[in-house]
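Dear colleague,

Please find below the structure I am handing over to you, together with its sequence. My notes on it follow directly after.

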Amino acid sequence: MEKVFRDPVHDFIAVGDAVLVALIDTPEFQRLRRIRQLGAAYVTYHGAEHTRFTHSLGSMHIMRRVLDRLEDQGCGVDASDRRAALCAALLHDVGHGPFSHLWEKATGGRSHEEWTRAIISGDTAIHEVLWAADPEMPARVLSILSGDHPVPHLPALVSSQLDVDRMDYLLRDSLLTGASYGRFDLERLVYNVTVAGAHLAVAEKGLANVEEYLLARYFMYWRVYYHKTTRAQELGLAALLARARDLFRAGRAGDLACPPALVPFLGQGNPTVRDHLAVDDYDVVGACKAWVTAPDPILSDLARRFLERRLFKPVFAEPQEGGPPRDLEPLAALLRRRGWDPRYYLAVDRAGEVPYYDYYTRGATGGAAPAGGPPPILIVGKDGRVREVSEVSPLVRSIAAAPRGGFNVYVPDDCREEARRLLLEM
């Protein structure tokens, strides 16, 4: 039953568990081959064509390596929990829609985490495979993904500030974009992962690797994920989908020639799991190709811009600190004078990223996460004392204490200079 995948990051990923092999072969998981990992980033980094499929395999591979390392330390789990953790790592992104996070914002629907839970618990091949292995397995996997599994370090390995998801996507995105910012020593980091008081932790000798990992995440967000060209393409696609939705809801569906898979997401209905699984990147690109010749000039123009990489332009070279003016009507009036409808051609982009949520400098004690926040990264000293990472690392403390944020405004190129002057005046 073993399958072997040749991977650009991890070399060989061997999958010998029959349940994992069956999950990979399900239609729902194979669909991830048609969902780009980095959404529209391929317009900036032409190598960024990798998919959620490859990332999910990589996350499962790292999960297995971490579980093996913990077992070597006497911190292993029983066979059912081990299999559930591997399944959770494999399936954690199965709910993503076209162009990944962009789809959630553009359609205003469920988050990909909600879709993932619905797919695992619903009438799907994935649910059938899990249930056939063990009727309790779907619930066991969901408890890990939801964070309420009785073994606390298992959910943390899937979703926390130091998890297999981030470990894989930083290395994978760095390699395939050609940007070196996301590299860190995975081997040594995995070697130093441990469990302290039932919680995921890192041995003190691995502190430098944690710092390296957090800096990689910091720079990848600001140099890759928030790159102004990528953001321009994503904002343009969001405007295109908004125009298509407005036309559809105005009774002008005939102007769309809309692919059937997109229809449930343009109307007022409530898309089902089956609807969600029927749509992928290819459907959106196919819709854009059809909409280039649409009778609606706005829809046609936005579709052509997306396909031909004629992007909105950022008013500022770098995100500006603070927030945009509360009243953007003067800017909207400028666009209208130039013949652009500001509902679709004026976009305000807000960026913000905290590379590490720091509890020590915020006065928390005992390393406990704030309500609703992610758990902290714990460091275990040679004396057995457990401390939150920013307590022992001035570097982590400095980057956590000053999270970056800001805004930019995107408009058609012929409005950019005047829009900049207007915004500076405002």
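Which residues are linked in a network of salt bridges? The model, which is a predicted one, shows such a network made up of Asp301, Arg304, Arg305, Glu308 and Arg310.

Two of the contacts made by arginine 310 can be described in detail. With aspartate 301, arginine 310 forms a salt bridge in which the closest N and O atoms are 3.9 Å apart. With glutamate 308, the side chain of arginine 310 meets in a salt bridge at 3.4 Å, N to O. Arginine 310 has a relative accessibility of 34% and therefore counts as partly exposed, the range between 20% and 50%. Glutamate 308, with a relative accessible area of 45%, is likewise partly exposed.

A further salt bridge joins the side chains of arginine 343 and aspartate 341, at 2.7 Å from N to O. Here the two partners fall into separate classes of accessibility: arginine 343 is exposed, with a relative accessible area of 60%, whereas aspartate 341 counts as buried at 18%. Aspartate 341 is placed in that class because buried means under 20% relative accessible area. Over the model, the count comes to 31 salt bridges.

Four strands form an open sheet in the order β3-β4-β7-β8, and their pairing is mixed. Strands β3 and β8 (386–388) stand at the edges with a single partner strand each, so one side of each is left without a neighbour in the sheet. From one strand to the next, the twist averages 45°.

Within this sheet, β3 (residues 193–196) and β4 (residues 199–203) run antiparallel and are joined by four bridges. Valine 193 stands opposite valine 202 in β4, and threonine 194 has alanine 201 of β4 as its bridge partner. The two strands form a hairpin with two residues between them. Glycine 197 lies in the turn of this hairpin and has a positive phi of about 60°.

What does leucine 130 touch, not counting residues up to four places away in sequence? The residues in question are Leu23, Cys87, Leu91, Ile120, Met137, Pro138 and Val141.

Lastly, leucine 262 is found in the loop between α13 (228–249) and α14 (263–266). Is leucine 262 buried or exposed? Its relative accessible area is 1%, so leucine 262 is buried. Leaving aside its neighbours within four places in sequence, leucine 262 is in contact with Trp103, Val279, Asp283, Val284, Ala287 and Trp291. The C-alpha atoms of leucine 262 and leucine 32 are separated by 17 Å, the two residues being 230 apart along the chain.

With kind regards

Technical notes:
Residues numbered from 1 in each chain as written. Predicted model: local features only at pLDDT ≥ 70, side-chain atom pairs only at ≥ 80, totals over all residues. Heavy atoms only, no water. Pairing = 2+ DSSP bridges. Axes fitted to C-alpha atoms, helices over the stretch in contact; angles between N-to-C directions. Salt bridge = Lys/Arg side-chain N within 4 Å of Asp/Glu carboxyl O. Buried < 20%, exposed > 50% of the residue type's maximum accessible area, 1.4 Å probe, protein only. Contact = heavy atoms within 4.5 Å.
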